[in-house]
Amino acid sequence: VLLPFLCCLSPAAAGKLLVIPMEGSHWLSMKEVLAELSKRGHEIVVLAPESKMLIDSSGTYEFKMYPVPFQKEEMEELVHSFAARTFSEETFLVRFFQTWDSFQKTSDMFQVSCSSLLYNEEMMKYIEESKFDAVFTDPMTPCGQIVALRFSIPSVFFLRGMPCALDIHAAQSPDPPSYVPRIFSLNTDHMNFPQRVKNFLMGISESFICNSFFSSFERLASDFLQKPVTISQLLSHGSIWLKRLDFAFDYPRPVMPSMVFIGGINCARKKTLSQ
């Protein structure tokens, strides 16, 4: 009985993938995945701004660039400044306001880059005519998801995580502030009552920062899609969340079936430590 059905089966067909990556270290892990997808016969097109830092061309995918109204040096200075502030050893309040300021500046630049892509008529016409099977993107800058919704293309997210647990909320996973430690809190998953209160208050502060960071994207998405949309609503349409983490370094928490953990990808290239 099974033999006729087995005869009808065929290997999975290769697809056409549109990649809209995020600049910086986020790209380095994504590039490894694209190389593997190319080996499996998938056709890949990567879109990047002309002021790119690390995003580069390769023989494994087609590479297309679009103009943006800022220089590469401006992007590098902003990213390096943000990284330095993130890992500073200042007090929480100092880090909070520094992070907020960096988020705003970074958001503005990425929003301008995204707007340059969305309102590039030639690029939009190319995407529409190419009939891509999926959009592969980092939702930290939701430009790829805006494009996916505009052309009704399924989206695959590739990320380590998002600020304010936006990925958790967008996927409708539980996120109780009394049990899940917040970033910068230095709390563990075993908290006493004062620590839980602190964790709860930090959750509120995170929302304040993220509203500042993503508000420009919400306005851009609403104008481009011609309907009101929040960042959570935008990301809730993601089909698959490929998360570069595991519970060896992150506290266990409930997740949805669409979230797939691929933390091992960060260990693909390992080097022996020096003496």
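This is a predicted model: local features need pLDDT of at least 70, side-chain atom pairs count only at pLDDT 80 or more; totals for chains, interfaces and linings use all residues.

Reply: Phe 158 has Leu 242 of β6 as its bridge partner. Strand β6 covers residues 240-243 and runs parallel to β5, to which 4 bridges join it. Strands of a sheet pair through backbone hydrogen bonds, either parallel or antiparallel.

The two strands belong to an open sheet of 7 strands, paired in the parallel sense and ordered β3-β2-β1-β4-β5-β6-β7. At its edges are β3 (62-66) and β7 (259-261), each of which pairs on one side only. From one strand to the next, the twist averages 20°.

Helix α2 packs on this sheet and touches β1, β2, β4 and β5. The direction of α2 makes about 155° with that of β2. Helix α6 packs on the sheet as well, in touch with β1, β4 and β5. Its direction makes about 170° with that of β4.

Helix α2 spans residues 25-39, and its buried residues are Trp 27, Ser 29, Met 30, Val 33 and Leu 34. The cover over these residues includes β1 (16-20), β2 (43-49), β4 (134-137) and β5 (155-159). Just after α2 comes Gly 41, with a positive phi of about 95°.

One of the strands touched by both helices is β1. Of its 5 residues, 5 are buried, so β1 is largely enclosed by the rest of the structure. Lys 16, Leu 18 and Ile 20 point one way from the strand, Leu 17 and Val 19 point the other way, and all are buried.

With β2, the pairing is parallel over 4 bridges, and Leu 18 has Val 45 of β2 as its bridge partner. The chain passes from β1 through α2 to β2, a β-α-β crossover that is right-handed. With β4, β1 likewise pairs in the parallel sense over 4 bridges. There the bridge partner of Leu 18 is Val 135.

Arg 244 and Arg 160 are 84 residues apart along the chain, while their C-alpha atoms are separated by 4.6 Å. Leaving aside residues up to four places away in sequence, Arg 244 touches Ser 29, Phe 158, Leu 159, Arg 160, Ile 262, Gly 263, Ile 265 and Asn 266. Two names in that list have come up already: Phe 158, the bridge partner of Leu 242, and Ser 29, a buried residue of α2.

Helix α6 also has a part in a covalent link. A search of the whole structure finds 1 disulfide. It is formed by Cys 114 and Cys 143, with their sulfur atoms 2.2 Å apart. Cys 114 lies in helix α4 (residues 92-118) and Cys 143 in helix α6 (residues 143-150), so the pair ties together parts that are 29 residues apart in sequence. The torsion about the S-S bond is about 90°, so the disulfide is right-handed. Both cysteines count as buried: Cys 114 has 2% relative accessibility, and Cys 143 has 6%.

Aromatic rings are a further point to look at. The structure holds 6 aromatic pairs. In one of them, Tyr 126 and Phe 132 have ring centres 6.1 Å apart and planes at 70°, so this pair is edge-to-face. Phe 132 counts as buried, at 7% relative accessibility. Phe 214 and Phe 217 have ring centres 6.5 Å apart and planes at 50°, so that pair is tilted. These two residues are 3 apart in helix α8 (residues 193-225), which separates them by about one helical turn. Phe 214 is buried at 1% relative accessibility, and Phe 217 is buried at 0%.

How values were computed: Residues are numbered from 1 along each chain as its sequence is written. Side-chain values use heavy atoms; hydrogens and water are left out. Buried means under 20% relative accessible area, exposed over 50%, partly exposed in between (1.4 Å probe, protein chains only). Contact means heavy atoms within 4.5 Å. A disulfide is a pair of cysteine sulfur atoms within 2.5 Å. Two strands pair if DSSP finds at least two bridges between them. Axes are lines fitted to C-alpha atoms, for helices over the stretch in contact, and angles run from 0 to 180 degrees between N-to-C directions. A crossover is right-handed if, with the strands pointing away from the viewer, the path from the first strand over the helix to the second runs clockwise. Rings of Phe, Tyr and Trp (its six-membered ring) pair if their centres lie within 6.5 Å; planes under 30 degrees apart count as stacked, over 60 as edge-to-face and the rest as tilted.
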